[in-house]
Amino acid sequence: MIVTLTMNPAVDKTVYIDWLRTGQLNRISRKALDAGGKGINAARMLRVLGCECIAAGIAGGSAGRFIEDTLENEGIRTDFLHIEEETRTNEKIIEENGTMTELNEPGPLLTPEILGRCQEKLSAYAGPDTVFVISGSIPQGVSPDYYAHLIRLLKRKGSRVILDADGELLRLGIEAQPDAVKPNLQELSSYFGLGAGHALSEEELMLCALQLSGKGIPLAAISLGAQGALFVKGRQLIRCPGLTVKALSPVGAGDAMAASLAYCLERGVSFEDTARLCIAASAASATTPGTRPPEKALIDQLLPKVELIRA
């Protein structure tokens with residue numbers, strides 16, 4: 001079984017206009033509401049891959065109920081902790097030329113009592129047969145070492161844990177030695193103190209990947225966007241170039257990769273086939289609008305096209 005955790009989900013409200021007139025009236029041509037959050041995106045991909053999955057997290061008010069209902073209607077089992085304060089709403093303003101402006105709320109304030117209940121809920125699922133995907137941001141009131149605390153707790157119970165986060169959440173989480181991590185280039189550069197604007201050379205990328213392994217991380221997938229990904233397991237390195245697809249939205253492609261890692265970890269898939277699925281699933285995800293998952297048939301079609309280069 002796989003459990004995804006979304007501590008700070010959102011109702012994603014997307015509005016479409018011709019062009020944004022700041023300080024003036026803007027008329028919306030159409031709008032869309034959806035359930036958002038990295039763990040939620042991962043749960044959707046896991047459903048496509050045919051995995052038994054539970055989407056867990058924090059849900060508040062009518063917005064939280066909307067998220068739960070949306071996932072349940074898609075056939076995804078949910079187990080959210082209910083709170084009174086409303087789950088946040090994030091607005092995306094998309095212009096005809098493709099420019100997107102985002103307005104993201106911070107999320108509700110979580111008390112120590114709520115965090116304790118969340119920990120108890122996750123702990124009830126923990127065991128040798130469960131893989132957890134812990135990903136995304138945290139709302140107000142949550143310490144940046146909370147993910148590290150959860151990783152240690154769940155691993156003590158025999159579970160395996162995948163971490164997909166950034167900043168202090170990633171830095172402190174790595175200290176807890178999750179079973180897999182999935183940083184992108186910017187997150188990797190930041191973790192090693194190279195600066196957000198630093199362009200990693202190929203040699204630096206390989207060195208950073210091996211250093212992650214040296215910190216007790218059994219498996220790492222470093223997302224390189226359209227350029228593919230680098231995978232490291234022990235001293236083994238596999239570089240996979242990106243696949244050529246008609247991309248509509250890169251949003252959710254990284255979450256598809258995290259979901260693929262969980263799928264492969266749960267099923268004991270080989271290192272090579274894990275890399276293949278991660279690349280195929282993330283590329284397929286980029287072909288759909290927003291964060292909607294692709295069809296399984298497209299992933300299967302892309303799998304044979306993935307190139308593995310031993311680094």
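Which residue in β13 is the bridge partner of L230? I looked it up, and R239 in β13 is the partner of L230.

Before going on, I note the ground rules. This is a predicted model, where local features need pLDDT of at least 70, side-chain atom pairs count only at pLDDT 80 or more, and totals for chains, interfaces and linings use all residues. Residues are numbered from 1 along each chain as its sequence is written, and side-chain values use heavy atoms, with hydrogens and water left out.

Terms next. Helices (H or I, at least four residues) and strands (E, at least two) are DSSP runs, numbered from the N terminus. Two strands pair if DSSP finds at least two bridges between them.

Entry one: I checked β12 (229-233) and β13 (236-240). They run antiparallel, joined by 5 bridges.

Entry two: I traced the open sheet that holds them. Its 10 strands follow the order β5-β4-β1-β8-β9-β10-β11-β12-β13-β14, with mixed pairing. β5 (77-83) and β14 (309-310) each have a single partner strand, so one side of each lacks a neighbour in the sheet. Helix α1 (38-49) packs on this sheet and touches β1, β4, β5, β8 and β9 (contact: heavy atoms within 4.5 Å).

In β6, T89 stands opposite V11.

Technical notes
Axes are lines fitted to C-alpha atoms, for helices over the stretch in contact, and angles run from 0 to 180 degrees between N-to-C directions.
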